Amino acid sequence: MRYVATIQPVHADNTVCTHPIPAPGKPNAPSCTGQAGYLARCSGCSWRGTSETATHLEGLGESHLRSHLNSPALATR
């Protein structure tokens, strides 16, 4: 089975933000309170991570996904 860690922008109350990101200087959509950070979730377990940047979560997600490996990869020559 292949597991993935998805990263989504979230509002301050941790609800997923599906609104488009406005250009600099433009207002958010009227129903959007603004993005407060990002949430990563694993498709194979209950792991979650939060951060102010998506880049930080990419590393955390990759590290977590390695914990699902059954055995270490074999070295090849």
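This is a short chat about a predicted protein model.

Me: What should I know before I start?
Reply: The model is predicted, so local features need pLDDT of at least 70, side-chain atom pairs count only at pLDDT 80 or more, and totals for chains, interfaces and linings use all residues. Residues are numbered from 1 along each chain as its sequence is written, and side-chain values use heavy atoms, with hydrogens and water left out.

Me: How many helices and strands are in the protein chain?
Reply: One helix and three strands. Both are DSSP runs, numbered from the N terminus: helices are H or I with at least four residues, strands are E with at least two.

Me: And what pattern do they follow along the sequence?
Reply: The protein chain reads β-β-β-α.

Me: How much of the protein chain counts as buried?
Reply: 18% of its 77 residues. Buried means under 20% relative accessible area, exposed means over 50%, and partly exposed is in between (1.4 Å probe, protein chains only).

Me: Which residues of α1 are buried?
Reply: L57, G61 and H64. Seen down the axis of α1, they fall within an arc of 65°, so they line one face of the helix. That arc is taken from the directions from the helix axis to the C-beta atoms.

Me: What covers them?
Reply: The cover includes β1, β2 and β3 (48–51). On the other side of α1, T55 and R66 are exposed.

Me: New topic. Where is H11?
Reply: H11 is in the loop between β1 (5–10) and β2 (37–42).

Me: Is H11 buried or exposed?
Reply: Buried, because its relative accessible area is 8%.

Me: What is H11 in contact with?
Reply: Leaving aside neighbours within four places in sequence, H11 is in contact with V16, C17, H19, C32, T33, G34 and A36. Contact means heavy atoms within 4.5 Å.

Me: What about N14?
Reply: N14 is also in the loop between β1 and β2. N14 is partly exposed, because its relative accessible area is 46%.

Me: What is phi of N14 near?
Reply: Near 70°, a positive value in a residue other than glycine. Most residues other than glycine have a negative phi.
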